[in-house]
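Q: Got a model open here and want to talk through it. Can you take my questions as they come?
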Amino acid sequence: MRHLLDPTDFSINETGELIRRAEEIIANPSAVADACRGKILATLFFEPSTRTRLSFESAMISMGGHVIGFAGAELSSAAKGESVADTIRMVSCYADICVMRHPKEGAALVAAKNSSIPVINAGDGGHQHPSQTLTDLMTIHSLKKRLNGLTVGFCGDLKFGRTVHSLFRALTLYPDNRFILVSPRELQMPEYVYRADSRAIACVEFGNLEDVIGKMDILYMTRVQRERFFNEADYVRLKDSYILTKEKLDHAKPDLAVLHPLPRVNEIAVEVDKDDRAKYFEQARNGKFIRMALIEKLLKPETEA
Ligand code: NCD
């Protein structure tokens, strides 16, 4: 049985196969209309979500499966003090696969250790969010036809942004990617992320958005993660540190792709949506199809997978 807890749980080959499979599903969705008939997906969301939960649910329903779950810790027995380990033992009796988002780093790992069904980490605190990474990789691949030899800028809250941590880790597995990290000093990417792989060290650069945007093939914007701050005053001081505007995009390459995991707060001006380089809504759409491919893979018996 496989889980998806960390972006490096799948090999480069497996990720490539998932992307190809998602593209096949887009081209011919009726071919998988019965792929999950009789199967149940549990969505356990202890934190808010729009895209991730709904895209997983839509993915499962589109493959003929069923969905159970809760959206909000207050709606589950966690509100009565139940542990993640006990919750997952119960869920293992009612579902064939589960997706979990939790405010604590490592919660998905605890779940996996106590689960008899595959667990997908849909975000554990400010740590990792690997199914978003699959969405991001699929989007980059569809736009650039490759996942190597790219200059990728990450801008915003690189400290608490779990989507950043996961995508950065995944992209270090492909050769010749360069990274430009743009963030306030207090929100820099933690060393444990960018020093995890020695291949990444040589090609990390820090800078101001205006000065470095012209070098980028991909710009991954992120919101400042208010819910991870200990005090509101710090959030208010830092929240508008970087706002991508039309003027800033004038300095960028004509084939830059601007990505954002969404939700956006203020960090991309709405006027940017009309620019051909804004790819974040296309990215959100891809999320459903890569998750169909992911569910299909994790539900396959080990011998076939
Ligand atoms: C992200 C998350 O939950 O980490 N959202 C998402 O899944 N697309 C990004 C965010 O909340 O800023």
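Q: Where is P263 found?
A: This is a predicted model. P263 is in the loop between β9 (257–259) and α12 (280–299).

Q: What kind of peptide bond joins L262 and P263, cis or trans?
A: The bond joining L262 and P263 is cis. Its omega is about 10 degrees. Most peptide bonds are trans.

Q: Switching topic. How is the chain divided?
A: Into domain 1, residues 33–127, and domain 2, residues 131–284. Their C-alpha centres lie 27 Å apart.

Q: How many residues are in contact between domain 1 and domain 2?
A: On the domain 1 side, 14 residues; on the domain 2 side, 11.

Q: What area do the two domains bury between them?
A: About 840 Å², with 42% of it on carbon and sulfur atoms.

Q: Which three residues supply more of the area that domain 1 buries than any other three?
A: R51, G126 and H127. Together they supply 57% of what domain 1 buries against domain 2.

Q: How many salt bridges are there between domain 1 and domain 2?
A: The count is 2.

Q: What meets the side chain of R228 in a salt bridge?
A: The side chain of E47, with an N to O distance of 2.9 Å.

Q: How many residue pairs in polar contact between the domains?
A: There are 6, counting pairs with both residues at pLDDT 80 or more.

Q: Which elements of domain 1 each supply at least two residues of the side that touches domain 2?
A: α2 (51–62), β3 (97–102) and β4 (119–124). The largest share comes from β4, with 4 residues.

Q: How do the residues on that side of domain 1 divide into nonpolar, polar and charged?
A: 3 are nonpolar, 7 polar and 4 charged.

Q: Last one. Where is D176, and what is its phi?
A: D176 sits in the loop between α6 (162–171) and β6 (178–182). Its phi is near 65 degrees, a positive value in a residue other than glycine. Most residues other than glycine have a negative phi.

Methods. Residues numbered from 1 in each chain as written. Predicted model: local features only at pLDDT ≥ 70, side-chain atom pairs only at ≥ 80, totals over all residues. Heavy atoms only, no water. Domains from an automatic or database assignment. Contact = heavy atoms within 4.5 Å. Buried area = accessible area lost by both parts, 1.4 Å probe. Salt bridge = Lys/Arg side-chain N within 4 Å of Asp/Glu carboxyl O. Polar contact = N/O pair within 3.5 Å; in protein donor to acceptor, adjacent residues only side chain to side chain. Nonpolar A, V, L, I, M, F, W, Y, C, P; charged D, E, K, R; others polar.
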